[in-house]
Amino acid sequence: QQCKPCLTETEYILHPRDSCQRCPPGLECFGNNEVVPVVANSTWVPDGAVLRLEYCPEGYRLYNFTIALQECQECGVGEECVGGGCQVCTPCRAGTYKDVKGVESCVSCPRDTFYPFVGATSLDQCRACPHFASTATPGETDISACICAGWKYLSLHSSGSPHCITCPFGARCQDDTCGLSSSSHTCKNGVPIVGNWSRDSDWKYVLTDCPPGYVLINSTDGSSYGTFSHDAQQCKPCLTETEYILHPRDSCQRCPPGLECFGNNEVVPVVANSTWVPDGAVLRLEYC
């Protein structure tokens, strides 16, 4: 019969009838029933003859799969634990990074940068916006958050790298910005730009159609049939009372005395029961 002491710094014991337990890395032990958690605010609860790690504070993951190796482990680079009680550390969210092992949360990529993937481990992974472009806030996740300054919008080089190019005439807003920079193609004052615009293979915008009352212009000669000019694209309105247009690809036509015009493809004959028929881009009087 004997009272055998536990090893002072490497063991603990909750009750004399128990056996000495190996001190896990997450505790400071003294060979008795007194222990001190290595990580402040971590929670340890008795479970029979052992102490079991139940909770770790924010910045740590809970490792308790092996009784003898229990501890609160700091999250590594590119990962974090937000809110406490983590079983596993989660990768840094898109738009953030963490370049050191520790309890710190992931840091937002700075303004004028973005990062679309999770788990970034370095500031260098935050991708810079193209020249002349900036973001409104830090922590952006997509290149679409990079807004080009002035009358420019985001496009791609043939190599695939993004850059800012001149805004077509018909997409320019009154505040010297480009309406194509908005996903809704709307200026900051809430006014949408006129026409239907779509990206081509080079990620440049092409004006494909105009609403009634507008002529589509996309060439250096002010029409839709000449040499294509990206910068000249616009939906140009016809004069409300003195012109009409049958199709956006046509030009605005002078309203003849026999018609009442409204600057679009709607006309009203001045003389009832007179007959007007389309003839190319114009209306021709056929019967009185």
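Reader: Are C92 and C106 buried or exposed?

Author: Both C92 and C106 are buried. Buried means under 20% relative accessible area, exposed over 50%, and partly exposed in between (1.4 Å probe, protein chains only). This is a predicted model, where local features need pLDDT of at least 70, side-chain atom pairs count only at pLDDT 80 or more, and totals for chains, interfaces and linings use all residues. Residues are numbered from 1 along each chain as its sequence is written, and side-chain values use heavy atoms, without hydrogens and water.

Reader: What makes C92 and C106 a disulfide?

Author: Their S to S distance is 2.0 Å. A disulfide is a pair of cysteine sulfur atoms within 2.5 Å, so C92 and C106 are joined by one. The structure holds 14 disulfides.

Reader: Why is the disulfide of C6 and C20 called left-handed?

Author: The torsion about its S-S bond is about -85 degrees, so the disulfide is left-handed. By contrast, the link of C255 and C261 has 85 degrees about the S-S bond and is right-handed.

Reader: Why is C20 called partly exposed?

Author: C20 has 30% relative accessibility. C6 has a relative accessible area of 12%, so C6 is buried.

Reader: What makes C288 exposed?

Author: C288 has 72% relative accessibility. That is over 50%, so C288 counts as exposed.
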